[in-house]
Amino acid sequence: MSQQTANGPNYVLHLDLDTFFISVERLMNPRLKDRPVMVGGSGDRGVVAACSYEARTFGVHSAMPMKQARILCPEAIIIRGDMDAYVRKSKEVTDVIHDKAPVYEKASIDEHYLDLTGMGRFRDMHAWASDLRLHIISETGLPVSGGLSLNKSLSKIAGREAKPSNLRIVEAAEVRAFLDALPVQRIPGIGQKMQEGLKEMGITRIKHLAEMPREYMLRAMGKAGLSAWEKANGIDDSPVVSVREAKSVSREQTFKADTIDTKMIREVLVDMAEQLGFELRQTGHLAGCLSIKIRYANFDTHTKDLSLPYTAADHVLIENAGHLFTKVYERRMMIRLIGLKVTKLVPGGHQVRLFEESEKLMHLYERLDCMRLKFGNGAVMRAAAMPSRTAEVPQLPDFHLGMANIIARNA
């Protein structure tokens with residue numbers, strides 16, 4: 001665990017907006033204050049994207065099927081959600097942080113890491129972090145919790161323990177006692193499956209995990225087990241990465257011969273949309289706009305845009321790509337090039353689309369992405385995209401068709 005640099009103690013501040021969607025809704029409608037509120041799809045296939053602390057007391061939690069949540073908390077107010085409003089408020093928070101912090105990383109729409117290493121030589125970091133948190137609340141009206149410690153994982157755990165709307169500071173001398181008191185699932189990156197595996201090994205507390213031999217955890221659970229063991233011992237060398245947000249992601253294909261085969265062109269669009277969705281999910285972004293580009297044989301180029309509910313879902317991109325093609329391809333001329341582009345990108349996990357999608361479909365995307373990461377982007381695709389990439393992966397047609405059928409049944 002690195003605790004000291006030439007510039008002074010390491011400090012990482014984690015800031016997390018409390019029940020972010022709910023808090024934004026309450027700013028827009030103060031009558032929702034102190035009421036059980038859920039944001040998400042209201043139909044039987046919808047799931048809970050966010051819920052207030054009042055709703056949580058009834059056993060409601062995010063990613064729960066909305067049908068079940070309504071049974072647990074029938075008096076809850078259900079709101080469809082306004083992603084545009086959430087993005088605007090998130091930007092307000094980021095703007096405040098940008099003005100104050102030397103280095104920061106926007107990890108998601110409601111979460112930031114700030115690297116404050118070296119600032120301790122000139123400022124009281126406890127007071128600085130507290131002042132920043134209160135300034136964000138004052139400027140945006142949103143409750144925010146914070147954790148200040150030696151690295152990203154420790155600060156995130158501390159921030160979770162500070163909820164709701166407080167600040168928790170964990171200095172180097174306090175790390176062991178702080179972690180030992182917590183259940184193992186508090187460690188970032190430990191999901192339900194790993195938690196169950198650790199429980200089978202008799203590990204339920206962070207203290208138990210920290211006391212396990214390092215080599216044993218590596219053998220038993222691989223790199224994930226080693227990462228969990230390191231975090232249980234307060235070790236995390238991952239840097240706070242300050243990056244400029246991507247403005248767009250695009251795909252284009254120039255055909256070997258000009259074509260008027262619209263069936264083939266639509267197959268290419270399906271393939272492109274799948275690639276864009278996969279890249280969005282892997283980089284942790286959602287797109288608010290989809291654009292199509294057509295270049296005809298005479299080099300005339302036409303584009304058309306379509307606003308989207310913020311998404312990283314293949315099936316949403318595919319459907320809207322088809323709509324755009326129908327609207328823009330009016331001249332019935334030979335086509336030289338076709339392209340798709342997503343813009344208005346914002347940081348955020350795919351769970352934001354829980355407004356409309358079932359938990360089952362979300363899990364399907366997770367499994368498909370794991371397969372693509374392991375075997376390559378062409379390892380699994382919809383049947384409609386197969387002809388456009390058949391030459392690349394001819395050895396797996398049965399597998400592709402089977403997975404395409406699974407997607408079709410769940411989309």
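## Overall make-up

What percentage of the 411 residues of the chain count as buried? The share is 49%, where buried means under 20% relative accessible area, exposed means over 50% and partly exposed lies in between, with a 1.4 Å probe and protein chains only. The model is predicted: local features need pLDDT of at least 70, side-chain atom pairs count only at pLDDT 80 or more, and totals for chains, interfaces and linings use all residues. Residues are numbered from 1 along each chain as its sequence is written, and side-chain values use heavy atoms, with hydrogens and water left out.

The chain contains 15 helices and 14 strands. These are DSSP runs numbered from the N terminus, with helices being H or I of at least four residues and strands being E of at least two. Contact means heavy atoms within 4.5 Å. Among contacts in the chain with a separation of 6 or more, 65% are between residues 24 or more positions apart.

Helix α1 covers residues 20–28, and seven of its nine residues are buried. These are Phe20, Phe21, Ile22, Ser23, Val24, Glu25 and Arg26. The list includes the charged residues Glu25 and Arg26, since Asp, Glu, Lys and Arg count as charged, Ala, Val, Leu, Ile, Met, Phe, Trp, Tyr, Cys and Pro as nonpolar, and the others, Gly among them, as polar. The buried residues of α1 pack against β3 (12–17), β4 (37–40), β5 (48–51), α2 (53–56), β6 (77–79) and α4.

Threonine 19 is in the loop between β3 and α1. With a relative accessibility of 13%, threonine 19 counts as buried. Apart from neighbours within four places in sequence, threonine 19 is in contact with Cys51, Tyr53 and Arg56. Two of these residues also meet each other: the charged end of arginine 56 sits over the ring of tyrosine 53, 4.7 Å from its centre. For a charge to sit over a ring, NZ of Lys or CZ of Arg must be within 6 Å of the ring centre and within 35 degrees of the ring normal.

## Helices α4 and α5

The axes of helix α4 (residues 83–100) and helix α5 (residues 125–140) come within 10 Å and cross at roughly 145°. Axes are lines fitted to C-alpha atoms, for helices over the stretch in contact, and angles run from 0 to 180 degrees between N-to-C directions. On the α4 side, the contact is made by Lys89, Glu92, Val93, Val96, Ile97 and Lys100. On the α5 side, Trp128, Leu132, His135, Ile136, Glu139 and Thr140 take part. By class, the residues of this contact are six nonpolar, two polar and four charged. An α-helix has 3.6 residues a turn, so residues three or four places apart point the same way.

## Aromatic pairs

The structure holds five aromatic pairs. Rings of Phe, Tyr and Trp (its six-membered ring) pair if their centres lie within 6.5 Å; planes under 30 degrees apart count as stacked, over 60 as edge-to-face and the rest as tilted. Tyrosine 296 and tyrosine 329 are stacked, because their ring centres are 6.3 Å apart and their planes are at 25°. Tyrosine 296 lies in strand β12 (residues 285–296) and tyrosine 329 in the loop between α12 (314–328) and β14 (335–347), so the pair ties together parts that are 33 residues apart in sequence.

Tyrosine 329 also pairs with phenylalanine 325; the centres are 5.3 Å apart and the planes at 15°, so this pair is stacked too. The relative accessibility is 0% for tyrosine 296, which counts as buried. Tyrosine 329 is buried at 3%, and phenylalanine 325 is buried at 2%. Elsewhere, Phe20, Phe21 and Tyr86 form one aromatic cluster.

## Glutamate 111

Glutamate 111 lies in strand β8 (residues 111–115) and is buried, with a relative accessible area of 11%. Not counting residues up to four places away in sequence, glutamate 111 touches His14, Leu15, Asp16, Glu105, Lys106 and Lys156.

## Backbone exceptions

Most residues other than glycine have a negative phi, and most peptide bonds are trans. The bond from lysine 163 to proline 164 is cis, with omega near 0°, and proline 164 is in the loop between α6 (152–162) and β10 (167–169). Alanine 63 has a positive phi of about 75°; its place is the loop between α2 and α3 (66–72).
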